[in-house]
Amino acid sequence: MSKSLSLIITTYNNAAFLRLVLESVLYQSVWPDEVIIADDGSCESVKALIEGFRPKSPVRVIHTWLPDHG
């Protein structure tokens, strides 16, 4: 049976902290099969950060986003 590993990162409007987490992913000795970023309605700067990280990542990066309704 084949197993897969997903890394799920939650975020909300803090690009500086997300940047640190994403950079740490690049130094892992065991890579996940995908990185899922669960975003609770962050602003455009977070989206831009994720888009900039995608080319650096050797695995698929999925960004899920829900609108912030308070």
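Mentor: Let's begin at Asn 13, which has a relative accessible area of 35% and so counts as partly exposed (buried means under 20% relative accessible area, exposed means over 50%, and partly exposed is what falls in between, using a 1.4 Å probe and protein chains only). Before going on, keep in mind that this is a predicted model, where local features need pLDDT of at least 70 and side-chain atom pairs count only at pLDDT 80 or more, while totals for chains, interfaces and linings use all residues. Residues are numbered from 1 along each chain as its sequence is written, and side-chain values use heavy atoms, with hydrogens and water left out.

Asn 13 is in the loop between strand β1 (6-11) and helix α1 (15-25) (helices, H or I with at least four residues, and strands, E with at least two, are DSSP runs numbered from the N terminus). Its backbone is worth a look: phi of Asn 13 is near 50°, a positive value in a residue that is not glycine. Most residues other than glycine have a negative phi. Asn 14 is in this β1-α1 loop too, and with a relative accessible area of 28% Asn 14 is partly exposed. Asn 14 and Ser 45 are 31 residues apart in sequence, but C-alpha to C-alpha they are 8.7 Å apart in space.

Now for the sheet. Three strands make up an open sheet in the order β1-β2-β3, with parallel pairing (two strands pair if DSSP finds at least two bridges between them). β1 and β3 (60-65) stand at the edges with a single partner strand each, so one side of each has no neighbour in the sheet. On average, neighbouring strands are turned by 20° against each other, direction ignored (axes are lines fitted to C-alpha atoms, for helices over the stretch in contact, and angles run from 0 to 180 degrees between N-to-C directions).

Take the β1-β2 side. Six bridges join these two parallel strands. Leu 7 has Val 35 in β2 as its bridge partner, and Thr 11 stands opposite Asp 39 in β2. Leu 7 belongs to β1 and is partly exposed, at 30% relative accessibility. Setting aside neighbours within four places in sequence, Leu 7 is in contact with Val 25, Pro 32, Glu 34, Val 35 and Ile 36 (contact means heavy atoms within 4.5 Å).

Glu 34, in strand β2 (residues 34-39), has Arg 60 in β3 as its bridge partner. The side chains of Glu 34 and Arg 60 are also joined by a polar contact of 2.3 Å (a pair of N or O atoms within 3.5 Å; within protein, one must be able to donate a hydrogen and the other to accept it, and residues adjacent in sequence count only if both atoms are side-chain atoms). Is Glu 34 buried or exposed? It counts as buried, at 14% relative accessibility. Not counting residues up to four places away in sequence, Glu 34 touches Leu 5, Ser 6, Leu 7, Val 59, Arg 60 and Ile 62.

Next come the helices. α1 lies across β1 and β2, running at about 165° to β1. Helix α2 (residues 44-53) packs on the sheet as well, touching β1, β2 and β3, and its direction makes about 165° with that of β3. β1, α1 and β2 make a right-handed β-α-β unit (right-handed if, with the strands pointing away from the viewer, the path from the first strand over the helix to the second runs clockwise).

In α1 the buried residues are Ala 15, Leu 18, Leu 22 and Val 25. These residues cover an arc of only 70° around the axis, which puts them on the same side of α1 (the arc is that of the directions from the helix axis to the C-beta atoms). What covers them includes β1, β2 and α2, while Phe 17 and Leu 20 are exposed on the other side of α1.

In α2, Val 46, Leu 49, Ile 50 and Phe 53 are buried. Their arc is only 95° around the axis, so they too lie on the same side of the helix, α2. The buried residues of α2 pack against β1, α1, β2 and β3, whereas Glu 44 and Ala 48 are exposed on the other side of α2.
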